[in-house]
Amino acid sequence: MLHAKRIAVVIPAFREAKLIRRTLTTLPHFVDAVYVVDDASDDGTAREAREVADPRVSVLCHEQNRGVGAAIVTGYRAAFAAQADVTAVMGGDAQMDPKELAKVVEPVLAGRADYVKGNRFLSNQRHCMPWQRRTAGKCLSLATRWATGLDVDDCQCGYTAISWQALRILPLDDLWPRFGYPNDLLLLAAECRLRVEEVVVRPIYGGEQSGVRPWHALLILGLILRRLLASNQRSAPSYDESARSTIRSA
């Protein structure tokens, strides 16, 4: 617990057998529950996670690969059912500093935000990021800010935290399941009028090549347009106003 609040961490993992142990063994002591969601890995990711033998860790497995967004939704549902006050998301690739977890969840704990995203672009170590990721991230963040009206600078960062009340009203069934889910989640958050805040986190990269391709950016732009069109065509509010009020009073 942190400030008498239950903290859960969701770790979507696909072919992370080499790094999942490092990720799990460095989580802070204040984390109450950890949900590793193995998205049908074929390299023993689930086995490696179970062998950590941490009683806080639950390993949930998809029988078929469904995408990182779908894996996060599976973890969100588990944390929501367990009534975690705040649920963070960290990658299974040890590229998110666990020492920064308290900083990421703090705006939710303080009642200032419903959803928090890490911002790597304001870090003094931002140049550690592959230049392709920085360039694509900046462009996609510009489009996402325009579409959502949210003051978010690093839309692609996967280091996040969300409140139990926000999970209650977000239409998780609608979230895009694969690459592009961070932008889609921000669009849903804007529709639900969630309070979104960023905190500075440091990027951690080795010598790997960026997997970002030009068609990834086109896909995300298409997702943004798709969500905007769906929102404009909605004739009546889809989300429970009483649930939204619960967020404000929590």
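Trainee: At what angle do helix α5 and helix α7 pack, and how far apart are their axes?
Mentor: In this predicted model, helix α5 (residues 131-148) packs against helix α7 (residues 181-191) at an angle of about 20°, and their axes are 10 Å apart. Angles under 35 degrees count as roughly parallel, and α5 and α7 are therefore roughly parallel to each other.

Trainee: Is the crossing of α5 and α7 left-handed or right-handed?
Mentor: α5 passes α7 in a right-handed crossing.

Trainee: Which residues meet there?
Mentor: From α5, the residues are Leu-140, Thr-144, Ala-147 and Thr-148. They meet Asn-183, Leu-186, Leu-187 and Ala-190 in α7. By class, this contact has five nonpolar residues, three polar ones and no charged ones.

Trainee: Why might residues three or four places apart on a helix point the same way?
Mentor: An α-helix has 3.6 residues a turn, so residues at that spacing point the same way.

Trainee: Let us stay with α5. How many residues does it have, and how far does it reach?
Mentor: α5 has 18 residues and reaches 25 Å from its first C-alpha to its last. That is close to the 26 Å expected at 1.5 Å a residue.

Trainee: Which α5 residues are buried?
Mentor: The buried residues in α5 are Ala-136, Gly-137, Leu-140, Ser-141, Ala-143, Thr-144, Ala-147 and Thr-148.

Trainee: And how many α7 residues are buried?
Mentor: α7 is mostly covered, with 10 of its 11 residues buried. Among them are Tyr-181, Pro-182, Asp-184 and Glu-191.

Trainee: What follows each of these helices?
Mentor: α5 is followed by Gly-149, which has a positive phi near 75°. α7 is followed by Arg-193, with a positive phi near 60°.

Trainee: Where else is phi positive in a residue other than glycine?
Mentor: Arg-15 has a positive phi near 55°, and Ala-94 has one near 60°. Most residues other than glycine have a negative phi.

Trainee: Where are those two, and are they buried or partly exposed?
Mentor: Arg-15 is in the loop between β1 (7-13) and α1 (20-25). Its relative accessible area is 47%, so Arg-15 is partly exposed. Ala-94 lies in the loop between β4 and α4. At a relative accessible area of 19%, Ala-94 is buried, because buried means under 20%.

Trainee: What about Met-96: where is it, and is it buried or exposed?
Mentor: Met-96 is also in the loop between β4 (86-89) and α4 (101-109). With a relative accessible area of 17%, Met-96 is buried. Leaving aside neighbours within four places in sequence, Met-96 is in contact with Val-89, Met-90, Gly-91, Gly-158, Tyr-159 and Ile-204.

Trainee: How far apart are Met-96 and Val-201?
Mentor: Met-96 and Val-201 are 105 residues apart in sequence, and their C-alpha atoms are 8.1 Å apart in space.

Trainee: Which residues does Ser-123 contact, beyond its neighbours within four places in sequence?
Mentor: Ser-123 is in contact with Val-200, Val-201, Arg-202 and Pro-203. Ser-123 is found in the loop between β5 (115-119) and α5, and counts as buried at 4% relative accessibility.

Trainee: Lastly, the whole chain. How many helices and strands are there, and what share of the residues is buried?
Mentor: The chain has nine helices and seven strands. Of its 250 residues, 52% are buried. Among contacts between residues at least 6 apart in sequence, 79% join residues at least 24 apart.

Notes. Residues numbered from 1 in each chain as written. Predicted model: local features only at pLDDT ≥ 70, side-chain atom pairs only at ≥ 80, totals over all residues. Heavy atoms only, no water. Axes fitted to C-alpha atoms, helices over the stretch in contact; angles between N-to-C directions. Helix = DSSP H or I, 4+ residues; strand = E, 2+ residues; numbered from the N terminus. Parallel < 35°, antiparallel > 145°, perpendicular 65-115°, else oblique. Left-handed = near helix turned anticlockwise from the far one by under 90°. Contact = heavy atoms within 4.5 Å. Nonpolar A, V, L, I, M, F, W, Y, C, P; charged D, E, K, R; others polar. Expected span 1.5 Å × (residues − 1). Buried < 20%, exposed > 50% of the residue type's maximum accessible area, 1.4 Å probe, protein only.
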